[in-house]
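Here is a friendly walk through one model, starting with its aromatic rings and moving on to its sheet. Please have a look at the fold before reading on.

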Amino acid sequence: VSGSPEYLTEDLPDSIQVGGRIAPQTVWDYVEKIKASGTKEICVVRFTPVTEEDQISYTLLFAYFSSRKRYGVAANNMKQVKDMYLIPLGAADKIPHPLVPFDGPGRYMLR
């Protein structure tokens, strides 16, 4: 959705392993530091379930993080992507302020 997908196509696995959960404010404090440094890039990716089984898992994960008011931390060991957080947003939720405006060339389909 935002940022360069250059490394994402190489780095993102077929499935994301959730390693834990984190308080939203901790994520936003970190994002602000990253943005202020000017040396790192922030990419925003929208995940969409493909199969019915994926839809069920996706919905359960969304409900889990939403009910606990937490974000997910990806546990996958990636080369270029240092940190990945899963932020549950409902259909009517606005994009969190620290992530806007979106930068980069726009929407991409990662396969």
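## Aromatic pairs and the sheet

Searching the whole structure turns up 3 aromatic pairs; rings of Phe, Tyr and Trp (its six-membered ring) pair if their centres lie within 6.5 Å, with planes under 30 degrees apart counted as stacked, over 60 as edge-to-face and the rest as tilted. The model is predicted, so local features need pLDDT of at least 70 and side-chain atom pairs pLDDT 80 or more, while totals for chains, interfaces and linings use all residues. Residues are numbered from 1 along each chain as its sequence is written, and side-chain values use heavy atoms, leaving out hydrogens and water.

Two of these pairs are set out here.

| Pair | Centre to centre | Angle between planes | Type |
|---|---|---|---|
| W28 and Y71 | 5.7 Å | 80° | edge-to-face |
| Y64 and F65 | 5.3 Å | 70° | edge-to-face |

W28 belongs to helix α2 (residues 24-37) and Y71 to strand β2, so their pair links parts 43 residues apart in sequence. Helices (H or I, at least four residues) and strands (E, at least two) are DSSP runs, numbered from the N terminus. W28 is buried at 11% relative accessible area, and Y71 is buried at 11%; buried means under 20%, exposed over 50% and partly exposed in between, with a 1.4 Å probe and protein chains only. F65 is buried at 3%, whereas Y64 is partly exposed at 31%.

The 3 strands make an open antiparallel sheet in the order β1-β2-β3, where strands pair if DSSP finds at least two bridges between them. β1 (18-22) and β3 (85-86) are at the edges with a single partner strand each, so one side of each has no neighbour in the sheet.
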